[in-house]
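Trainee: I am new to this structure. Can we go through its pockets and its helix packing, one question at a time?

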Amino acid sequence: MNYLTLPKIDLHCHLDGSVRPQTIIDLAAEQNLTLPTTDVAEIQAMMIAPESCPDLEEYLKRFQLPVSVMQTEAALARISFEVFEDAAKENVKYLEVRFGPLLHLEKGLNLDQ
C-alpha cells in the first residue's frame, strides 16, 4: 500500500500555496501576464521556500506568483477545482481550504465574488 491509497484529511490547505505550476502558466497567458519563465520546473521552484528559509518575508515571496494569477472569478474557480481534484487523487476524504480574500481584489473583484 502506498501513501496515495491511505485515506487522509487536510485541515490546513492554503489555496494560493496549492496552485499547479502549469495552471499558473496557463492563467498568465489567458490574462496577458508576463512570467519570469514558462518552464514548469522553474515555476515550481519559485513556489517552494528553501529548506532553511531565513525569514517570513522570504517565505511569503513564494505566494506572489500564484496570487498574481488569482485575480478573476474564473481563475479562482479553476484553481479551487484543481485543489480538490488533486486532493481526491491522494484519497483526501476531508479538506479545509484557506485563502485570503483581500489578496484577490487587484483586478476589481469584490469580497462577495
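Trainee: How many nonpolar residues are in the lining of the second largest pocket?
Mentor: Keep in mind that this is a predicted model. Sort the lining of the second largest pocket by class. Charged residues number 2 and polar ones 3. The nonpolar count is 6.

Trainee: Which helices each supply at least two residues of that lining?
Mentor: Start from the lining residues. They include Tyr59, Leu60, Gln64 and Val67. Helix H3 spans 56-60 and helix H4 spans 64-68. The helices that each supply at least two residues are H3 and H4.

Trainee: Which strand gives the most to the lining of the largest pocket?
Mentor: The largest pocket holds about 280 Å³ of space. Its lining has 16 residues, and Asp16, Gly17, Ser18, Val19 and Met47 lie nearest the centre. The top contributor gives 3 residues and covers residues 8-14. That is strand E1.

Trainee: Is H1 roughly parallel or antiparallel to H5?
Mentor: Look at the angle between helix H1 (residues 21-30) and helix H5 (residues 73-89). They pack at about 165 degrees, with axes 11 Å apart. Angles over 145 degrees count as roughly antiparallel. So H1 runs, relative to H5, roughly antiparallel.

Trainee: How many charged residues are in the contact of H1 with H5?
Mentor: From H1 come Thr23, Asp26, Leu27 and Glu30, which meet Ala75, Arg78, Ile79 and Glu82 of H5. By class, 3 are nonpolar and 1 is polar. The charged count is 4.

Notes. Residues are numbered from 1 along each chain as its sequence is written. This is a predicted model: local features need pLDDT of at least 70, side-chain atom pairs count only at pLDDT 80 or more; totals for chains, interfaces and linings use all residues. Side-chain values use heavy atoms; hydrogens and water are left out. On a 1 Å grid over the protein atoms alone, a cavity is a set of points where a 1.4 Å probe fits but cannot get out, and a pocket is an open set with protein on both sides within 12 Å along at least five of seven lines; lining residues have an atom within 4 Å of a point. Grid points are joined across faces, edges and corners, and a volume is the space filled by probe spheres set on the points. Helices (H or I, at least four residues) and strands (E, at least two) are DSSP runs, numbered from the N terminus. Ala, Val, Leu, Ile, Met, Phe, Trp, Tyr, Cys and Pro count as nonpolar, Asp, Glu, Lys and Arg as charged, and the others, Gly among them, as polar. Axes are lines fitted to C-alpha atoms, for helices over the stretch in contact, and angles run from 0 to 180 degrees between N-to-C directions. Angles under 35 degrees count as roughly parallel, over 145 as roughly antiparallel, 65 to 115 as roughly perpendicular and the rest as oblique. Contact means heavy atoms within 4.5 Å.
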